[in-house]
Each structure stands twice: as C-alpha cells, then as structure tokens.
Amino acid sequence: MSDPMNVLAPEHRRLRIGDAWRDAAGGATFVVEDPATGKTIAEVADADVVDGLAALDAASEAMAEWAATPPRKRSELLTATYRALTERSEEVARLITLEMGKPLAEARGEAAYGAEFFRWFAEEAVRVEGRYNTAPAGGYRILTVPKPVGPCVFVTPWNFPLAMGARKIAPALAAGCTTITKPAAQTPLTMLFLARIMEEVGVPPGVVNVVTTKRAGEVVSALLADRRTRKLSFTGSTEVGRVLLRQAADNVLRTSMELGGNAALIVCADADLDVALDGAMVAKMRNIGESCIAANRIYVEEPVREEFTARFAERMGALSVGHGLDDGVDVGALIDEASVTKIDELVADAVNRGARVLVGGERPDGPGHFYPPTVLVDVPEDARMLEAEIFGPVAPIISFTSDDEVMAKANDTEHGLVGYVFTRDLQRALRFTEGLETGMVGINRGLISDPSAPFGGVKQSGIGKEGSHEGILEYLDVTYAAIDLP
C-alpha cells in the first residue's frame, strides 16, 4: 500500500498560525498513531497557551479585512477549496483512514461529504440578506444589517476529522468570520491538510488557523477567556460540552454545540423489512458506529422481531474486520484502547444482566483497537448500554408492542439528537416525527447527514444548527437601525 503520509510534508505538520507554519512556542510535539496497528505515523506540534493566543492574534488582525472582502470573492475561495478537495479526494481519504481507522470506502465518503460543505456555503455566501421595511405604525423605517460575529474558536472531534471541521469553517468564512480550529489530538493530520489546501487556493493569512495540542483544556480555556473571541462551536461529548458552555458564559459567547446522542431506531411491523435492514445497517455501522447519530438502541415491533433480528445478525456477522486500507474491509479499527475497553465493559454489563449475544461480543487478540460487529437480544432496561452512547459496532435489540410504549422509551434519555423510524404508514411516520424529542428524524432512511439540511439536536444533544441556510445564520449578528422617515 502507498504511504498516505506523503501528502502531508513535515513542514505542514506544525501549527498553522497567520501566514506561517510554525513549531510550538515551547518546542513540544506529540505522536499520532495508526489505530489499526498502534504504530506512530507522525509527530505534530503540541501547542500551549502562548500558541493559542498567537492564533487569536492572527485571527483578530485578519478579521476586519476578511469581513470587508466581497461575498463573491469569499464564495470563489470556498468553491476553489471544494474543487481542490474533490481533485485530491483519494489523498484525503487515505489520510483519514490512516489516522482515524475507518475503512477506505467510508473515508472516501467523508472526503466527498466534507468537500460538499465548501460548495454549499460558497453558494450561501452571496445570499446573506438584511431587510428594509416601513414600521407597522409608520413614521420610520426598519433596516436590518447582518454582520459576521467575529473570530471563532472551533473544537472538532476525531470521528470525522475532515467533515466536522468543514461543517464549521465553511459557513464561518462565508459569513466573513476568521477561525481557529483545535482538532482532536488523535486525528490532527487531516485538518492540517485542509489548512494547507486552503492556503494553496489563496485564503488570506489569519483567516484559517489550526492549533494542534494535547493540552486542549488549557489552550481552549485561554481562548474562551479572551474578549476577542466571539464564537465557540464544539462537536463532542455532552460532558465536555457542559464544561465549555460554562466557560463561554463568562464572555457571553455565541455558541453552537453538537453533543452526544442516544438514537433510537424503531422498526414497525408494517415496515418494508428490506428497507429497514438496509437502513439499520447504515445507521448502526456507518463510521464503525463511532458517530453521534449512530443507532444506539434498536426497537423492533414484536410481530417482526424474530425475522428482523435473525437477518440483521446474519448481516452483522458477515462484515469483515481489518485495517481500513486493506481491500474488502468493512469494519476498521476503533480510535483507541479506551474505546475498546468501554465497549467491552458495556457488552459484559448487558450479558451479566441477562442479555444474549447473537454475534460478536468478544474482542480479538493481536495489535490494533478492534471490536467485532456485535448483536445482543433480551437486553434489559437497566443495561448501561441503553443509556450510554456506545460509539462502536454494538447493536442491542429490544422488542415493543405499541407506539406509545416505544415513544416513551425512545424519549427516556437526556439526549435528543436523532431518531429513526421504519414504517409504510404515513400518518404513523408523522406521529413519530412530531412525538420524538429529537432535532432530526430519519423516516425509512438510515443516512440523514447532508450539507443542505439543518443538523442539530435538542435537550442535552446541543444548541444551534449546522448545514443548510440555518448554518450560516449561526455566524451572523444582526444590527437594527431605526431610520426617521415620516
């Protein structure tokens, strides 16, 4: 296999701040590992607070000029980024697989998905509008002017190392904001590659800054404490999101938070089981199950429970596990040892409480962070995996007998990101859409992510929306002028 690291030269494994690629102020570095082998694949700069504030200096200095850049010019730069990512999609995909573990086919999908955010928001950049109208009582006019919120701090996760950054950077730049991105320490290379591409297409210095660090807490805290920061967008766990929200409150920052999920996937007895099986496989196994919108709990109506379960278990058991760069691999490595340990403990807890394992359920020997596709039945309601975000290839199946029963169970969680429903009854689908306490619902579909759709949750799954027209609004303030005009 060719070396994906060839696409990222050593000088571009440093911090991207302003117009320079630089070492960390203290000279520290950290290693990035291939989760399928545990071997080191690169060293990158390990930023400290000094570096974080230097990035904020650069973003602040570039802010006024970038905000004044004509929307068409910003749009053209985003379009150029889309084209460059598309042209180099294979390089991007192989880099994603190497540092994150997902199979190459999935990484290719992420490369296309991430690029699409730049195309979508290139089109949105030229459609930011205010309004001018007569006040209802007459005597004056109302003028509203949208303005970029200012320098933005982005904290992105490891599970979609390109797409989650693109989903934030693209709308911010379209709106006229400058950015500082702190990628996950497990997967910094893809974001550095993106920064290099944006430099090559001509995005001005200081507009896109990337700070890699193992000291995320202290670096991000310093950025949020500085009054020049005006926006925080975070994708990650609800627990970390709560901490960041408390810190953001001190300076009353605008926030977008895409937090944890505990998605219920509901298969009704009237569903087309072929469609339901396809959808369940996608909703559960996309990205090896390491996704906030992964199906965490699968509820199947009793009349079709036995058939669905047998067919689903057969399909899960047929998936091949291995290094994501190898041919024919369906399931790659999980991100780290802690993830494997957590999943193994959740399965053991469910079994100890009476659940039965139909396929999988035992971690393999050998190097790398692997766990087999696993299906459990007879999972009791007190099993930890029904409350915890599994974030891996494990599917608990629970039966139900009525819509009211399953709706109550689906909503019995602090999370509210997404739900999935499979039914051929339109009225039933609409009742679930209205009744599920989630920000998104997939109806007869296991894949819902789309740059043109508003992505986000309710309850403790987040604040705000990403993607769609709503996505750019998260980066705009509105000034209202009352103009005296009898």
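A crossing of two helices is left-handed if the near helix is turned anticlockwise from the far one by less than a right angle, and right-handed if clockwise. Helices (H or I, at least four residues) and strands (E, at least two) are DSSP runs, numbered from the N terminus. The model is predicted: local features need pLDDT of at least 70, side-chain atom pairs count only at pLDDT 80 or more, and totals for chains, interfaces and linings use all residues. Residues are numbered from 1 along each chain as its sequence is written, and side-chain values use heavy atoms, without hydrogens and water.

Start with the helix pair. H3 (residues 89-100) and H4 (residues 104-125) cross right-handed. They pack at about 125°, with axes 8 Å apart (axes are lines fitted to C-alpha atoms, for helices over the stretch in contact, and angles run from 0 to 180 degrees between N-to-C directions). H3 is therefore oblique to H4 (under 35 degrees is roughly parallel, over 145 roughly antiparallel, 65 to 115 roughly perpendicular, the rest oblique).

Now the sheet. Seven strands form an open, mixed sheet in the order E14-E15-E16-E13-E12-E17-E18; pairing takes at least two DSSP bridges between two strands. Neighbouring strands are turned by 25° on average, direction ignored.

Strands E15 (residues 374-377) and E16 (residues 394-400) run parallel, joined by three bridges. Val-375 has Ala-395 in E16 as its bridge partner. Helix H11 (residues 337-352) packs on the sheet, touching E14, E15 and E16 (contact means heavy atoms within 4.5 Å). The direction of H11 makes about 25° with that of E15.
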